Amino acid sequence: MDDVWEPHAPAAGGLRPLAAEGLDLRVGGEATVRHPAEGRIEVTAESPGEARIEWRLPCTDATALWTPEPRGTGWLPAAWSAPRRTGLTKGAPVAALVGTGDLAICAFAADRADVLAGAGVVEEHGEFRFWVQATGRLTVRIDTSRRHFARCLADLADWWASGRPATVPDAARRPAYSTWYAMHQDITPEAVETQAALGKELGLDTIIVDDGWMTRDRTRGYAHCGDWEPLSLPDTADHVRRVHDLGVRYLLWYALPFIGKESAAWDRLGRHALADAGHLGAVVADPRHPAVREHLTDRLARAVEEWGMDGLKIDFVDWFAVADPPAPGPEADCATVDEGVERLLAAIRARITAVRPDAMIEHRQPYTSPGLWPYTTMIRATDCPLSPQENRQRTVDLRLVAGPVAVHSDMLMWHPDEPAEQVACHLINVLFAVPQISVDLAAQNPAQREALAFWLGVVRTHLDTLQRGELRPARPDLGYPMVTAAGDGTVAVARYAPLPVRAGDGPWHTLLVANADADPEVRLLGVHGPTGVTVQDARGRIVRNDTADPAGDTTVTVPRGGLLTLTRPPA
């Protein structure tokens with residue numbers, strides 16, 4: 001195995017070959033290999049220092065390296081590219097080399113969150129090289145079964161799930177309203193209750209109140225974080241009861257790591273700083289200190305214990321991932337920051353679920369590690385306002401390795417003049433996740449409201465297929481121009497480019513085709529026999545409803561933002 005120039009990573013030295021089917025595999029440290037299934041191996045390496053597992057394979061018919069990071073997919077990096085460092089609070093130790101036909105040439109995952117991982121093309125001879133490194137003991141599962149890359153990633157997520165319990169209430173999968181883009185910090189009880197009532201009429205079962213509730217300052221920044229007093233939500237418990245009377249659940253936002261320099265908590269906790277965030281007016285609190293954990297746990301648990309909230313939106317956990325943290329002070333009781341974070345999140349979840357067992361907790365990209373699954377119920381795509389393609393790619397990427405955790409879109413917003421067709425396309429782009437809406441619902445025109453209500457109804461009606469069905473996104477190198485989910489006799493296809501739909505694949509009694517492309521001519525491949533055909537436009541109005549008897553390929557006109565529904569008797 002030739003050396004590779006690595007200007008951004010530690011050089012691999014002292015590696016020895018290890019027998020493994022079809023792989024040029026090398027390890028540093030004592031190592032063993034298991035074969036849990038055909039085309040899959042588990043390699044375990046152990047060392048008093050750095051354990052390293054490295055392997056290469058021919059880079060033939062490769063189209064993209066898939067990783068879960070935003071904008072992480074769509075190209076093949078060079079082997080000398082900077083490696084990814086993942087941890088409990090940032091990223092996930094998983095990747096896949098995807099080839100023609102969306103098959104995984106090779107996919108892998110590590111059994112621990114804190115790894116350094118590299119992947120890329122070896123220029124000298126066209127091989128693709130993977131390596132994973134960590135201190136102590138490391139196990140990597142490698143999949144070369146050449147199945148659809150989504151199936152390989154789902155299996156790796158199942159491997160992670162063993163021993164990591166996650167309780168996700170059904171409410172975490174229901175469409176939600178968020179105040180952030182619609183209100184920013186201009187939070188009042190009246191505004192929240194108005195949007196909750198309007199949202200419930202449209203099919204939004206949860207409201208998430210974001211930044212602004214804990215301060216009267218409206219200049220952004222986080223200088224007022226840390227006390228978490230409901231200054232903009234007086235009579236909080238009564239206000240929450242009024243929202244509950246509407247049949248709407250309530251989550252409250254917290255920027256967990258920040259102790260603001262304008263907060264009362266600053267004098268007591270500001271010295272326990274993991275890092276300075278001076279440009280935000282705050283520091284990142286050090287969770288290795290019991291005083292920090294106790295304060296934050298008490299502050300966050302109040303939302304459920306005292307005010308009757310249904311859960312928490314816990315933001316900025318990734319800020320705990322400081323590259324070079326200071327040495328723990330004498331009052332610290334944790335050797336590592338990750339240990340402190342885990343204790344903090346476990347304490348918060350224990351407190352709120354003791355009062356409300358079905359409490360919800362939202363996390364966000366990039367803190368997507370399976371090590372956090374026991375402490376969350378949903379993961380949201382990171383901010384991408386008014387970017388439907390980016391929201392699509394981020395939610396699909398999350399779905400592929402989120403295991404049991406519900407995946408939410410970044411909040412959907414649009415210009416007041418947005419046509420109903422584009423409102424529908426925003427929703428279609430996140431069809432396989434839980435949509436969060438963040439516009440002033442009182443300001444929507446009738447066409448916008450109809451599009452919103454129609455597509456939220458589709459999400460609610462077909463929730464099991466869309467969110468729990470087998471997900472098959474196509475062409476990660478092109479940003480997923482078509483995505484399919486299948487389950488219980490229903491197949492849902494979202495079409496984001498003028499591509500044909502393979503309607504003959506697999507048994508189904510209901511086939512949904514959501515058209516987010518400007519081309520209305522949807523070509524269906526392999527449809528046979530009497531089939532009910534219903535076409536609805538972006539607002540849900542029926543433009544065709546009849547029966548056809550195709551004998552193979554056929555074309556159906558579906559307006560942009562519209563839905564085609566094919567039905568046939570169960571097989």
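The crossing of α6 and α7 is right-handed. In this predicted model, the axes of helix α6 (residues 290–305) and helix α7 (residues 337–355) come within 9 Å and meet at a crossing angle of roughly 25°. Angles under 35 degrees count as roughly parallel, and α6 and α7 are therefore roughly parallel to each other.

Let us look at who takes part in this contact. From α6 come Arg293, Leu296, Thr297, Asp298, Leu300, Ala301, Val304 and Glu305. Their partners on α7 are Gly340, Arg343, Leu344, Ala347, Ile348, Arg351, Ile352 and Val355. Sorted by class, the residues of the contact of α6 with α7 are nine nonpolar, two polar and five charged.

Helix α3 (residues 189–202) packs with helix α4 (residues 236–245) at an angle of about 15°, and their axes lie 9 Å apart. That angle makes α3 roughly parallel to α4. Here, α3 passes α4 in a right-handed crossing. On the α3 side, the contact is made by Pro189, Val192, Glu193 and Ala196, while α4 brings His239, Arg242 and Val243. In terms of class, the contact of α3 with α4 holds four nonpolar residues, one polar residue and two charged residues.

Staying with α4, which of its residues are buried? They are Thr236, His239, Val240 and Val243. These residues cover an arc of only 100° around the axis, so they sit on the same side of α4. What do the buried residues of α4 pack against? They meet α3, β12 (206–209) and β13 (249–255). Among the buried residues are His239 and Val243, and His239 and Val243 also belong to the contact with α3. After α4 comes Gly247, with a positive phi near 85°.

Now for some backbone details.

| Residue | Phi | Location | Relative accessibility |
|---|---|---|---|
| Asp102 | about 65° | loop between β7 (94–99) and β8 (104–110) | 10% |

Another backbone feature is a cis peptide bond, which joins Gln365 and Pro366 with omega of about 5°. Pro366 has its place in the loop between β18 (360–364) and β19 (378–380).

Finally, let us turn to Ala31, which is found in strand β3 (residues 30–37). Is Ala31 buried or exposed? With a relative accessibility of 16%, Ala31 counts as buried. Leaving aside residues up to four places away in sequence, Ala31 touches Arg16, Leu18, Thr44 and Ala45. How far apart are the C-alpha atoms of Ala31 and Arg242? Their separation is 60 Å, and the two residues are 211 residues apart along the chain. Arg242 is one of the α4 residues that make the contact with α3.

Definitions and conventions. Residues are numbered from 1 along each chain as its sequence is written. This is a predicted model: local features need pLDDT of at least 70, side-chain atom pairs count only at pLDDT 80 or more; totals for chains, interfaces and linings use all residues. Side-chain values use heavy atoms; hydrogens and water are left out. Axes are lines fitted to C-alpha atoms, for helices over the stretch in contact, and angles run from 0 to 180 degrees between N-to-C directions. Helices (H or I, at least four residues) and strands (E, at least two) are DSSP runs, numbered from the N terminus. Angles under 35 degrees count as roughly parallel, over 145 as roughly antiparallel, 65 to 115 as roughly perpendicular and the rest as oblique. A crossing is left-handed if the near helix is turned anticlockwise from the far one by less than a right angle, and right-handed if clockwise. Contact means heavy atoms within 4.5 Å. Ala, Val, Leu, Ile, Met, Phe, Trp, Tyr, Cys and Pro count as nonpolar, Asp, Glu, Lys and Arg as charged, and the others, Gly among them, as polar. Buried means under 20% relative accessible area, exposed over 50%, partly exposed in between (1.4 Å probe, protein chains only). The arc is that of the directions from the helix axis to the C-beta atoms.
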